[in-house]
Amino acid sequence: MSAKTQHKTPSSMELYEFGENYFQKHHIKTAEEVRPFLTGTHKFWLNVSSLENEDLLKELSALFDIHPLTMEDVLNCHQRPKFEEFENNIFIVSKMVYYVHSKKPTTEQISIFIGKNYVLTIQEDAYDFFDPIRTRLENPHGKMRKYGADYFAYTLIDSIVDKYFEIIETQEEMIDKMEDQIVANTSKQKLSSIFQLRKDIQHLKKIIWPTRELLSNWKKSESPLLKKKTDPFINDVYEHIIEVNENLEVQRESIATLVEMFLSSLSIKQNEVMKTLTIIATIFIPLTFIAGVYGMNFQFMPELSWKYGYFLTWVVFIGTTVAMMFYFKRKEWF
Amino acid sequence: MSAKTQHKTPSSMELYEFGENYFQKHHIKTAEEVRPFLTGTHKFWLNVSSLENEDLLKELSALFDIHPLTMEDVLNCHQRPKFEEFENNIFIVSKMVYYVHSKKPTTEQISIFIGKNYVLTIQEDAYDFFDPIRTRLENPHGKMRKYGADYFAYTLIDSIVDKYFEIIETQEEMIDKMEDQIVANTSKQKLSSIFQLRKDIQHLKKIIWPTRELLSNWKKSESPLLKKKTDPFINDVYEHIIEVNENLEVQRESIATLVEMFLSSLSIKQNEVMKTLTIIATIFIPLTFIAGVYGMNFQFMPELSWKYGYFLTWVVFIGTTVAMMFYFKRKEWF
Amino acid sequence: MSAKTQHKTPSSMELYEFGENYFQKHHIKTAEEVRPFLTGTHKFWLNVSSLENEDLLKELSALFDIHPLTMEDVLNCHQRPKFEEFENNIFIVSKMVYYVHSKKPTTEQISIFIGKNYVLTIQEDAYDFFDPIRTRLENPHGKMRKYGADYFAYTLIDSIVDKYFEIIETQEEMIDKMEDQIVANTSKQKLSSIFQLRKDIQHLKKIIWPTRELLSNWKKSESPLLKKKTDPFINDVYEHIIEVNENLEVQRESIATLVEMFLSSLSIKQNEVMKTLTIIATIFIPLTFIAGVYGMNFQFMPELSWKYGYFLTWVVFIGTTVAMMFYFKRKEWF
Amino acid sequence: MSAKTQHKTPSSMELYEFGENYFQKHHIKTAEEVRPFLTGTHKFWLNVSSLENEDLLKELSALFDIHPLTMEDVLNCHQRPKFEEFENNIFIVSKMVYYVHSKKPTTEQISIFIGKNYVLTIQEDAYDFFDPIRTRLENPHGKMRKYGADYFAYTLIDSIVDKYFEIIETQEEMIDKMEDQIVANTSKQKLSSIFQLRKDIQHLKKIIWPTRELLSNWKKSESPLLKKKTDPFINDVYEHIIEVNENLEVQRESIATLVEMFLSSLSIKQNEVMKTLTIIATIFIPLTFIAGVYGMNFQFMPELSWKYGYFLTWVVFIGTTVAMMFYFKRKEWF
Amino acid sequence: MSAKTQHKTPSSMELYEFGENYFQKHHIKTAEEVRPFLTGTHKFWLNVSSLENEDLLKELSALFDIHPLTMEDVLNCHQRPKFEEFENNIFIVSKMVYYVHSKKPTTEQISIFIGKNYVLTIQEDAYDFFDPIRTRLENPHGKMRKYGADYFAYTLIDSIVDKYFEIIETQEEMIDKMEDQIVANTSKQKLSSIFQLRKDIQHLKKIIWPTRELLSNWKKSESPLLKKKTDPFINDVYEHIIEVNENLEVQRESIATLVEMFLSSLSIKQNEVMKTLTIIATIFIPLTFIAGVYGMNFQFMPELSWKYGYFLTWVVFIGTTVAMMFYFKRKEWF
């Protein structure tokens, strides 16, 4: 598969070294600088914020003992979320989804490697929403410092999954708004915006399902890199992802309902239009015919010379109209 | 996930202490007052009727040895029904659904903890329908007094599930009424009310399915807190929930049928409207044309001076109409 | 769940005592009279034909060692078909479905208890179609006499399932008739009757599926009350129920097709109506305009004084009509 | 279930006795004549070509040790395809499907019994397509002679399954033809013929699925009557039946597409019809109005005496028409 | 099943002999020439580029020890992708899909046999896209040379699966283009082209699913011909095929959305057309009636002699029009 990756920002690396009573942030330029930390006594988080510097990635790949096929997965940004165990590390692909400016959610891939004393993350793009995690890391009393690398990886995934809820809520609001508009019929709701939302939901669904699998694999994994203590937390995220998925299912049905409502209301309107036309036409076309009859120029037309001819014609006009009205009323056309 | 909880009513606690030959109701203000009961000889039910007093909940959490993540679940009212086993207690999330005034069912979360000699319930809101259970508890000969805490928890869940049947019945009545209205065509049934009902059913379904799972987990559980003797009762509720679910499935299909019926009847009506228009227009437009012809002012129009010209025109008028009528009759248009 | 049972007929009991060379019918009034048979040397079938006499049922419940929850199931006529094993007996809930007078199938619940030497049946209502079984029981050479209680229970269920086939056939005939009517378009097939049939099928499906499960459980059961020898018979009924289910699936699709056909034929008709209107209107509206032009009263209108003015107008009238006709012909509008 | 069998042709039996170097055809009248072959040294195929002679079938049933319930299955022609193992033989129900004259496929049931040295087939009707097999049997070098009875049964089933492919191909051609007709719009494709084809496919599907199961059971069977050597052949038929099933699935979707295409093209046509009507009507109705105005007989109408009144009216007529044309053009109505 | 194969090009064979330090291309005419390579020290790839020369295939079949049924599968080009293990080799059927000139993807079957030291491929047609593989084979440092025959077979399948992505991308572009056209409404998007694309996707799906199974079987296989070392690569292709499948699922839904959008936009347009007609007709038909009234020739019509009669008529004309306009405006008809 051809790599469709777009490298947007220059690669930069942050390294957070931390232990129960220790915290230090380092700015790192080369892979070589990372080597001492690997054998250090502290845990560390190395975050690479872009895929641009392929040489760097190659060196990291060697340093962290990453399989070439796995590195290809890191570089290919159309990967499905997944969980893979290797001898020395665990490889996780996850997807960050967020709204920037636009109404369409943006997706960014993040690769997470969990090692004995490190978490290595490689982002597709520099944007992330991990700042609260960075802050919590600086807090000397937080759980993060005490727990192992797997717990740290959990906090990353947790914050990614939490973001899914925000997306869901935004979409729910959009659906509610669309529904109101269709019911109220005030604004001309564009059908295409409904279909766009459907596509977004479908897209999100394509991310959620494998994420569920990812977490399920984590739960089932017996890798020594994953401690028992982290299990309840993973269970928690797992439940969240199930909930996101259920919400997406409901949204899908809501969208289907929206389309149905839209088309139904179109049918109802069309029916109304047709009724208006039919009422006017069926009343006036016969009347016009009668008027046309007495507009004929035959030399012998006795009615024309009747004294009350014109008056009687009006009687017929009004009588017909009233009769028609009754008929339509009985048929509940208005 | 951000806590979306709305705390509506001030927290208050009731404590029902009971044994085979003992019953005592206590009003409790602080968590500390509960401590002696934990080591007492009687079983007790502690009911916290709101989530407002977070300090109290924290103290209870410590007192009853509840995991912080579990406490978060208690506070987050968007939890799915679930069943979780811990060393010292069993945690159940359930959803009470009821109609208050409005036509839309209200959902309220209730967290149930089953311990060795206690049941702790924490309600989202003070409203509940457990009064019959309170009454039965006062009855010295009821089974509740003799059976353990798990049986008491069962009675709570049983009364919650029984309420689902009421919801189902109400919805069934609404569906039947809507169907009658569509068939009878007397009132202008709003399509939006059908869609609203569909949403309610979908919402209920989202609660029922995990409740089934909850009960299935109870059945499979081998926790010593759950006695063998309670099993047939749990089987019974389990069957009820299956039945609720099947009924919901049927209702879903009924709603789909309703929408189809609505749209079909709209099509049938539109067809009728179109036929009326077409019959009137196809009869009178040609006649009007003929009348128009003899209303022309050409100097040389032989028919105008014919003695029976006008009479003949009427013959044509009536003849055309009758022919048309036959044509429509044969096409079964009326 | 509130018991929705309607007790229609007074309880009466028949007891058929039979063995390989023995047959005796007894009319029984009280539960106490049954006791000696339980320890007798012959097998017997006790049939209670209504749920009205709750006292009697309570006594039977004690006599036959039936769990209170099970007795509740017997009394609640909205039970799903099921199979439950107890220490001393096997409890089966089944549903008899039949047409009485009306076009809608009636459902009646029957509870079957299989004991060591007895079959106890409790019917919701006195109506049953077991007379052929009663007759076969009197026949001294029938298998029923030789086989055990489980075989007798099988014959009951077999005759219930056979009745399902009759229902299916009746429904198939109704579907075929509806289809013919839609295709032939002779009678005004009511859409609501199609939807009613759909509901009946759905209802039957709700019974069939758990019945399949019931039989599957019988097959898997290792209760000593069920003999190996009966297995091929149960397999046979099991296959029948699978077949009923498949037929119902096909009928469901047939109904969906019927609705589609109905709506399609409506569309086709509407199209025809519209074409008729359009052909007449597009031909005559322009002609009427032309006639209108020469009906104007301008003092200076040269054509009016042309000798062949009137004649030429007719040429235009006819020419336009013919041209239009060709146009519609080419468009295949008629 | 009441036997719905129709016995069309008188029972006749052929018996083909064969071994590696032996082949003999016998015409058999009574079951008794078959007995010596059962203990003979050669394999044989006994084919009963109708179900009419129930006495004969009963005798055969006794001779070949067939369970009464199994014999009932043979006689009931609404059996699903199935595979059943007994101590002394294997019972297979299969369905032959073929076109005779009509456009609707005909289904005929065939029961196959595989014994140690025989294959017994009982056909619902005399028609079969086994003549090539009869011919191959006469060929002294064919595999059939050397392989056992199970291989012979395989060849029968194989030829039945091969016939399914022909049915599928015929249906595919019909679908393609229908599709072309809808797209080309040349002939008036009847919607009912599409629905008829859908029914045929559904019917075939009802046969295919249990046939798959039949073969799956053969594969899993450990009966000594089925030799290992035949396994690859059964695998081959199994794959064929999977393929038939997949093709049927695709055809089902194709039919759904056909219906959608039909209805869409109907909508498109209706749209066109409406546009034609609207264009003509919106152009000429206002013009007719203007002509009507100057056809009024008011004594004081200044325009009537203008010298260029009539001319100006035509200017208005043509101007309005041209403006309308532009409007419709811009709206892409033609 | 009748062989539906079309043999398009004359058979020709290439044989690539390769080892870690060795590479030699041979042109082979007869099966006999291949024999020495089978016992040679190097691995080799034998590619037969057509199915025309059946004699050759028969000889190869004997030479490579291929079961007759397997050879039939090779010749029948309507095989489903599959994986079969034999004692001496592994048989894989795969499908190459590509676009040549036309808009419709072409499918070509390729049979792959993996032996101890060889890969034998038999193509339905000479066209393939394996040239990059041929080039890589000539590269002395490539992995292909070092790894075994199974790795080589993997590269073939990998390049086939990669091609599926291209097909998917092309289809995605087509879907996007169609969607834009429907939304923009500029060109008259043909519904039939949407349905054609749906068929192509369905067709591809029919290939993808069994390919997934093929790879799954490879993964599970314990054949000594498949080395452990190749496993991660197979896992990789497996993931790709899952991804292709997911994309196809999404495309299927997109197509369904396209059809819905098409029909919705048709409904919207029809609604607009109807509104235009109704507005014009409901305004002008009553006016024409009024004009018709005063065109009547009754001798006694007082209004005709009023001085401002004509003027007043115009007041009525304009007043009615304005009132109608307001009415339509309020109904949001334009």
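Visitor: What confidence does the predictor give the complex, as ipTM and pTM?

Guide: Let's start with the scores, since this is a predicted model. The complex as a whole gets an ipTM of 0.73 and a pTM of 0.80.

Visitor: And what is the mean pLDDT of chain A? Where in chain A is the pLDDT below 50?

Guide: Chain A has a mean pLDDT of 87, with 95% of its residues at 70 or more. The stretch with pLDDT below 50 still has 22 contacts in the model beyond near neighbours in sequence. Where pLDDT is low, though, the predicted coordinates should not be read in detail. The stretch to treat that way in chain A is residues 1–9.

Visitor: Which strands stand at the edges of the sheet in chain A?

Guide: Seven strands make an open sheet with mixed pairing, in the order E2-E1-E3-E7-E6-E5-E4 of chain A. A strand at the edge has a single partner strand, so one of its sides is left without a neighbour in the sheet. Those edge strands are E2 (22–28) and E4 (82–85) of chain A.

Visitor: By what angle are neighbouring strands of that sheet in chain A turned against each other on average?

Guide: Think of going through the order E2-E1-E3-E7-E6-E5-E4 of chain A.

Visitor: Let's move to chain B. Which strands are left without a neighbour on one side there?

Guide: Chain B has an open sheet of seven strands with mixed pairing, ordered E2-E1-E3-E7-E6-E5-E4. From one strand to the next, the twist averages 15°. The edge strands each have a single partner strand, so one side of each lacks a neighbour, and they are E2 (22–28) and E4 (82–85) of chain B.

Visitor: In chain C, what is the bridge partner of Glu84(C)?

Guide: Strands E4 (residues 82–85) and E5 (residues 90–98) of chain C run antiparallel and are joined by four bridges. The hairpin between E4(C) and E5(C) goes through four residues. In E5(C), the partner of Glu84(C) is Phe91(C).

Visitor: How do H6 and H7 of chain D lie, roughly parallel or roughly antiparallel?

Guide: The axes of H6 (residues 149–184) and H7 (residues 191–220) of chain D come within 11 Å and cross at roughly 160°. The crossing of H6(D) past H7(D) is left-handed. Residues that meet include Tyr164(D) and Ile167(D) from H6(D), with Ile194(D) and Leu197(D) among those in H7(D). An angle over 145 degrees counts as roughly antiparallel, so H6(D) and H7(D) are roughly antiparallel.

Visitor: What kind of rotation axis relates chain E and chain A?

Guide: Chain E superposes on chain A by a rotation of 72° with 0.0 Å of shift along the axis, at an RMSD of 0.1 Å. In chain E, Gly295(E) comes closest to that axis, with its C-alpha at 4.6 Å. The two copies are thus related as by a five-fold rotation axis.

Visitor: Which element gives the most to the side of chain E that touches chain A?

Guide: The contact takes 36 residues from chain E and 35 residues from chain A. On the side of chain E, the elements giving two or more residues are H6 (149–184) and H8 (231–293). The one that gives the most, with 26 residues, is H8(E).

Visitor: Are H8(A) and H8(E) roughly parallel or roughly antiparallel?

Guide: The axes of H8 (residues 231–293) of chain A and H8(E) come within 8 Å and cross at roughly 20°. H8(A) passes H8(E) in a left-handed crossing. Angles under 35 degrees count as roughly parallel, so H8(A) and H8(E) are roughly parallel.

Terms used:
Residues numbered from 1 in each chain as written. Chains lettered and ligands numbered in written order. Predicted model: local features only at pLDDT ≥ 70, side-chain atom pairs only at ≥ 80, totals over all residues. Pairing = 2+ DSSP bridges. Axes fitted to C-alpha atoms, helices over the stretch in contact; angles between N-to-C directions. pLDDT = per-residue confidence, 0-100. Contact = placed C-beta atoms within 7 Å. Least-squares fit on C-alpha atoms with pLDDT ≥ 70 in both. Parallel < 35°, antiparallel > 145°, perpendicular 65-115°, else oblique. Left-handed = near helix turned anticlockwise from the far one by under 90°.
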